[in-house]
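Colleague: Hi! Could you walk me through this structure, starting with the rings?
Modeller: Happy to, let's look together.

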Amino acid sequence: MTTMMFVNLPVTDLERAKTFYTAIGFTVNPKFTDHNASCVVVEPDHSAFMLLTREYFQTFSSRPIGDPSKEVSVSTAIFVDTRDDVDSAVTAGLAAGGTEAQEASDYGFMYQRQLTDPDGNIIEFGWMDPVAAEQGPEAFAEQQQG
C-alpha cells in the first residue's frame, strides 16, 4: 500500500502561512492551492500540510476550532538528515515570523528543536543517529562505548 499523509492546519492569514512554510524549506503545490487552502509539500509523494483558512477548516467539523496560540493540541515532528538541517529549518522559521518557546533537546542519539508558526502551531524538527533509528537508542550507546 502506498500512503501519503496530509496534516490540516487552520491559519488566520493564508499568505503569511505560505511564506512561513516555504521559508522553512517546503514547497507550495499550486494545483491544490486557492483562496481557501494551500498544499505545502514536506516530502514529495509522502507528506504535506494543508494550510486552511479558519473559515474553510470549520467546514470539516461541527466542533469549534481551538486557538493553537493558547492551547496546544498537536505537535508535528519532522525528522531531517542532519543536525545542521534542524538548525537551518528553525533559523529560517524564526526569520519568517516563527518563535522558539523552549531550548533544544539533545539526547546524543537524537536532537530536536520546536518551532512555533505565526498561528501558534508547533512544528518540531529533529535528527536521529542512523544506528539509533534502525536499532534503538541502546545500540547507539553501545556504539559510543565501543
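**Rings, core and sheet**

Modeller: F125 counts as buried, at 2% relative accessibility; buried means under 20% relative accessible area, exposed over 50% and partly exposed in between, with a 1.4 Å probe and protein chains only. This is a predicted model, where local features need pLDDT of at least 70, side-chain atom pairs count only at pLDDT 80 or more, and totals for chains, interfaces and linings use all residues. Residues are numbered from 1 along each chain as its sequence is written, and side-chain values use heavy atoms, with hydrogens and water left out.

Colleague: Thanks! How many aromatic pairs are there?
Modeller: The count comes to 6 aromatic pairs. Rings of Phe, Tyr and Trp (its six-membered ring) pair if their centres lie within 6.5 Å; planes under 30 degrees apart are stacked, over 60 edge-to-face, and the rest tilted. F20 and Y21 make an edge-to-face pair, 5.0 Å centre to centre with 80° between the planes. Both of these residues, F20 and Y21, are buried.

Colleague: And why is the pair of F26 and F125 stacked?
Modeller: Because their ring planes are at 25°, with the centres 6.3 Å apart. F26 lies in the loop between α1 and β2 (27–29) and F125 in strand β8, so the pair ties together parts 99 residues apart in sequence. Helices (H or I, at least four residues) and strands (E, at least two) are DSSP runs, numbered from the N terminus.

Colleague: Which residues form one aromatic cluster?
Modeller: F20, Y21, F26, F49 and F125 do.

Colleague: Now the core. How many residues has the largest nonpolar one?
Modeller: It has 21 residues, and Y21, I24, F26, F49, L51 and F125 have the most contacts inside it. A nonpolar core is a set of buried Ala, Val, Leu, Ile, Met, Phe, Trp, Tyr and Cys residues joined through side-chain atoms within 4.5 Å.

Colleague: Which element gives the most to this core?
Modeller: That is α1, with 4 residues. There is also a second, separate core of 6 residues, including C39 and V41.

Colleague: Switching topic: in what order do the strands of the open sheet come?
Modeller: The 4 strands run β5-β8-β7-β6, with mixed pairing; two strands pair if DSSP finds at least two bridges between them. The edge strands, β5 (75–79) and β6 (105–106), each pair on one side only.

Colleague: In which sense do β6 and β7 pair?
Modeller: Antiparallel, over 2 bridges. In that region, S105 stands opposite Q112 in β7.
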